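Subject: Structure for you, with notes on a pocket and a helix pair

Hello,

Here is the structure I said I would pass on. My notes follow below it.

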Amino acid sequence: MSARALSQSTTASDLISLTKPSLSSLVLITAAGGMFLAPGPLGPVRSLVTLLATAGTVGAANAFNCYMERHSDQFMARTRNRPLPAGRMDPSTALWFGLSLAAVSLPALVLGANLLTGVLGLVALLSYVLAYTPLKARTSAAMLVGAVPGALPPLMGWTAVTGTVDAGGFALFAIMFLWQMPHFIAIALYRKEEYAAAGLKSVPIERGDESSRAQVVLYLVALVPMTLLPFQLHIAGTWYLAAAVVLGLSFLGMGAWGFFKHLGKPWARQTFLFSLVYLTGLFAAMTLDRVPRG
């Protein structure tokens, strides 16, 4: 491969990394889940456009986040090799890349789905970039703000089909919102020193480890009954209900174990990893046991 081709390949790879593909893929799974679970049809072309536009909107938000946190990213092991803190990319390139993605993706959301879904996409983008990102250096309450854009994708998938925010869409939003709390706190617990070095606030830094473990349990106590709503609203059936109960009690048990045993970083990392398994299993069960709509 020539030096020019290698350079172009590296640049393309770095641009893609700005969108945080692993995070974006999780967002797409939940958005597709909301779209599939919603009552009513959405043609294959519109479905594809909506998902691609959602991915672009999320990618734009992540690119802006990388631009704004390029200095603090130098102090965290998981972020220091990103293009901007590593010095492989000019910051203006990342900024224009984010602007370009947003300029294409938001109108595509309106055309592919509807105006409501486009507005929700805009709210997700602005709240992530203008509220959550700057607040991370000021208060651990940023976690609650950041959970809003994180919870919007399944609702956007739902509104793309229904054109309205109703009980079913809100249930998916609430599940995603509450799930993010133990997920975020677990990350902050086992990366506490890195957050402190980067100047970012978190529950463990502001409230301590004991309070963090207690909050994990409290949020899980709220999450488990919330996951029963899709069954109660006739979105998913009894197999989903069984899976939600088993997964929920397992997650709650893991959280309670860490709280009562005063466990540390290994437990926090295991909790973080299990949160990903939990969410994947929950949405898989929901889609596999979807209640058909007439």
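How do the residues of the lining of the largest pocket divide into nonpolar, polar and charged? The count is 27 nonpolar, 15 polar and 8 charged. Please keep in mind that this is a predicted model.

The pocket itself has a volume of about 1,200 Å³. It is lined by 50 residues, and those closest to its centre are Leu23, Tyr128, His183, Phe184 and Ile187. Six helices are listed as giving two or more residues to the lining: α2 (21-37), α3 (44-68), α5 (115-135), α6 (142-162), α7 (167-190) and α13 (265-288). Of these, α7 gives the most, with 9 residues. Both domains take part, since domain 1 (12-138) and domain 2 (166-293) each supply at least three lining residues.

The axes of α12 (residues 238-260) and α13 come within 10 Å and cross at roughly 170 degrees. That angle is over 145 degrees, so the two helices, α12 and α13, are roughly antiparallel.

On the α12 side, the residues in contact include Tyr240, Leu247, Phe251, Met254 and Trp257. Among their counterparts in α13 are Trp267, Phe274, Tyr278, Leu282 and Met286. Glycines also take part, including Gly248 and Gly255 in α12 and Gly281 in α13. Across the contact of α12 with α13, 13 residues are nonpolar, 8 are polar and none is charged.

Regards

Note on methods
Residues numbered from 1 in each chain as written. Predicted model: local features only at pLDDT ≥ 70, side-chain atom pairs only at ≥ 80, totals over all residues. Heavy atoms only, no water. 1 Å grid on protein atoms, 1.4 Å probe; cavity = no way out; pocket = protein on both sides within 12 Å on 5 of 7 lines; lining within 4 Å. Points joined across faces, edges and corners; volume = space filled by probe spheres on them. Helix = DSSP H or I, 4+ residues; strand = E, 2+ residues; numbered from the N terminus. Nonpolar A, V, L, I, M, F, W, Y, C, P; charged D, E, K, R; others polar. Domains from an automatic or database assignment. Axes fitted to C-alpha atoms, helices over the stretch in contact; angles between N-to-C directions. Parallel < 35°, antiparallel > 145°, perpendicular 65-115°, else oblique. Contact = heavy atoms within 4.5 Å.
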